[in-house]
Amino acid sequence: MKREELNYIFQHAKLEDIKQLHKKIDKKYGVVVINKPTSQTLLVPVKDPISQGEFYAGEALVTSTIVEVNKQKGWSMVQDDNEKISLYIATIDAVFDSKEFEDEIKDIYEQTTKKLEKKRKQLNQKVNSTRVSFDLM
């Protein structure tokens, strides 16, 4: 489990799980919001496979938050306009290095990665079922 993966993994976690963890952290230490959840757009860079150049394919809507918990800063940036999820993940990010809530974080992380892996396998099965063999044509 890496800190860099928290934003992606936890925005796919069960909302109730990360909400409860946020409440525990807030009750014990108090969460100070430095930058409230703010919606913004980011340009999405894409690499052209032919020319190897980069261009911007469009914009993505994100929500970012910065908090402080027990003198540790936490940050999150999640897809779409999800203020609550962004706040919860920033809070979890702030306590990540403290190891105090390590078991709860690890449980949510593992459950979510299993769920994402299952979805990925289902998608791969659907894509593979449409594969065409040109040798037969």
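1. Start with K24 and E104: in this predicted model, their side chains meet in a salt bridge, with 3.2 Å from N to O. K24 sits in helix α2 and E104 in helix α4, so the pair ties together parts that are 80 residues apart in sequence. K24 counts as partly exposed, at 44% relative accessibility, and E104 is partly exposed too, with a relative accessible area of 26%. If you wonder how this works, side chains of opposite charge can pair when their charged atoms come close.

2. How many salt bridges does the structure hold? There are 6. One of them joins R3 and D97, whose closest N and O atoms are 2.8 Å apart. R3 is in the segment before α1, while D97 is in the loop between α3 and α4, so this pair links parts that are 94 residues apart in sequence. R3 comes out as partly exposed at 26% relative accessibility, and D97 as partly exposed at 46%.

3. Now look at E117 and R120, which form a salt bridge at 2.3 Å, N to O. They are 3 residues apart in helix α4, that is, separated by about one helical turn. E117 is partly exposed at 32% relative accessibility, and R120 is partly exposed with a relative accessible area of 41%.

4. For V62, the bridge partner in β3 is Q79.

5. Finally, the inside. Which residues touch the most other members of the largest nonpolar core? Among its 25 residues, they are F10, I18 and I105. Two or more core residues come from each of α1 (6-10), α2 (15-29), β2, α3 and α4 (102-129), and α3 gives the largest share, 8 residues. Leaving aside neighbours within four places in sequence, I105 is in contact with M1, F10, L21, I92, V95 and F96. As background, nonpolar side chains tend to be buried together in soluble globular proteins.

Methods:
Residues are numbered from 1 along each chain as its sequence is written. This is a predicted model: local features need pLDDT of at least 70, side-chain atom pairs count only at pLDDT 80 or more; totals for chains, interfaces and linings use all residues. Side-chain values use heavy atoms; hydrogens and water are left out. Two strands pair if DSSP finds at least two bridges between them. Helices (H or I, at least four residues) and strands (E, at least two) are DSSP runs, numbered from the N terminus. A nonpolar core is a set of buried Ala, Val, Leu, Ile, Met, Phe, Trp, Tyr and Cys residues joined through side-chain atoms within 4.5 Å. Buried means under 20% relative accessible area, exposed over 50%, partly exposed in between (1.4 Å probe, protein chains only). Contact means heavy atoms within 4.5 Å. A salt bridge is a side-chain nitrogen of Lys or Arg within 4 Å of a carboxyl oxygen of Asp or Glu.
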